[in-house]
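Work through the exercises below with the model open. Each task is followed by its solution in steps.

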Amino acid sequence: MKNHSLSGRTALITGSTSGIGLGMAQALANAGANIVLNGLGDRDHIETIRSEMADQYDVSVIYDGANMLEPAAIAAMVKAATKKFGVVDILVNNAGIQYVSAIDDFPEDKWQAIIAINLISNFYTIKAALPAMKTQNWGRIINLASAHGLVASPYKSAYVAAKHGVIGLTKTVALEIAEQQITCNAICPGYVRTPLVEGQISEQMKAHNMSREQVINDIFLVAQPSKRFVEVEELGQIAVFLCSPAACSINGVSLPVEGGWTAK
Ligand code: NAD
């Protein structure tokens, strides 16, 4: 059911053409926020997502294709959104990629791309969006870390390093803005069934000659005590909660949403 708790706010969600980012954009739009979509993909498909979201939730939805590998494009995206809406009230740093390999074989270009997209882009979006949040003395920054921001798994060195970095960045920004009505928090999902995870499932099926069900149960959900994937909709509702007045004193936290994975 639509609510209007975020009417008049604008949310920019990086990597929102797919998966968790798209789910968060839908949840924030459902709460009344105007939306800046970002991410890669087929332009016609993205235009369909954009126009359907605007119609369904009766909010303004724009798309900016800034590549999270390009600092100048990131700054230009935030500047354009600020020009159109006055301020980016809610910034969700969600864009991310994954690559799985032993560290001695890890391709250097993949390592650098993961660190750039999953971590460094967050620095550039925050740097660009924070001044207007400070001027109006209100803002919400939500960074998508991961259970892998709290614990490691083998063969994911770049991803684990980037996500631990996101948590460090989150805590530091939280301290810097603590006296204003701005919060900066990280969400740490376990496995969520999105295109990013579907890609990993296919790779593991090939690598280990296993069925889809075996890979899901024996490789993925083995880490997750709940034995089920986290749903995108759950994360959308958490984002809306972190933007609500009830969450105004939640600052600098890394919220595990992983069915108990990191409680072990
Ligand atoms: P996804 O592959 O479905 O979506 C990733 C989004 O990032 C897409 O919109 C894609 O276009 C965008 N993106 C990728 N590279 C980009 C670039 N260079 N510039 C701009 N946009 C780019 O992935 P997802 O599973 O929805 O993951 C979203 C975030 O959640 C990531 O940060 C991921 O690390 C994190 N996460 C995912 C899971 C999971 O199980 N799916 C678990 C924990 C954390």
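The model is predicted.

**Exercise 1.** Classify the ring pair Tyr-191 and Trp-261, and state which parts the pair ties together.

*Solution.* 
- Step 1. A pair of aromatic rings is described by the distance of the centres and the angle of the planes.
- Step 2. A search of the whole structure finds four aromatic pairs. In the pair Tyr-191 and Trp-261, the ring centres are 5.2 Å apart and the planes lie at 25°.
- Step 3. Planes under 30 degrees apart count as stacked, so this pair is stacked.
- Step 4. Locate the partners. Tyr-191 sits in the loop between strand 6 (182-189) and helix 6 (195-208). Trp-261 sits in the segment after strand 7 (254-257). The pair therefore ties together parts that are 70 residues apart in sequence.

**Exercise 2.** Are Tyr-191 and Trp-261 buried or exposed?

*Solution.* 
- Step 1. The cut-off for buried is under 20% relative accessible area.
- Step 2. Tyr-191 has 10%, so Tyr-191 is buried.
- Step 3. Trp-261 has 8%, so Trp-261 is buried.

**Exercise 3.** Describe how helix 4 (residues 108-136) and helix 5 (residues 157-176) cross.

*Solution.* 
- Step 1. The two axes come within 8 Å and cross at roughly 15°.
- Step 2. Angles under 35 degrees count as roughly parallel. Helix 4 and helix 5 are therefore roughly parallel to each other.
- Step 3. Their crossing is right-handed.
- Step 4. The contact includes Trp-111, Ile-114 and Phe-123 of helix 4, and Tyr-159, Lys-163 and Leu-169 of helix 5.
- Step 5. By type, the contact residues divide into 13 nonpolar, four polar and one charged.

Key:
Residues are numbered from 1 along each chain as its sequence is written. This is a predicted model: local features need pLDDT of at least 70, side-chain atom pairs count only at pLDDT 80 or more; totals for chains, interfaces and linings use all residues. Side-chain values use heavy atoms; hydrogens and water are left out. Axes are lines fitted to C-alpha atoms, for helices over the stretch in contact, and angles run from 0 to 180 degrees between N-to-C directions. Helices (H or I, at least four residues) and strands (E, at least two) are DSSP runs, numbered from the N terminus. Angles under 35 degrees count as roughly parallel, over 145 as roughly antiparallel, 65 to 115 as roughly perpendicular and the rest as oblique. A crossing is left-handed if the near helix is turned anticlockwise from the far one by less than a right angle, and right-handed if clockwise. Contact means heavy atoms within 4.5 Å. Ala, Val, Leu, Ile, Met, Phe, Trp, Tyr, Cys and Pro count as nonpolar, Asp, Glu, Lys and Arg as charged, and the others, Gly among them, as polar. Rings of Phe, Tyr and Trp (its six-membered ring) pair if their centres lie within 6.5 Å; planes under 30 degrees apart count as stacked, over 60 as edge-to-face and the rest as tilted. Buried means under 20% relative accessible area, exposed over 50%, partly exposed in between (1.4 Å probe, protein chains only).
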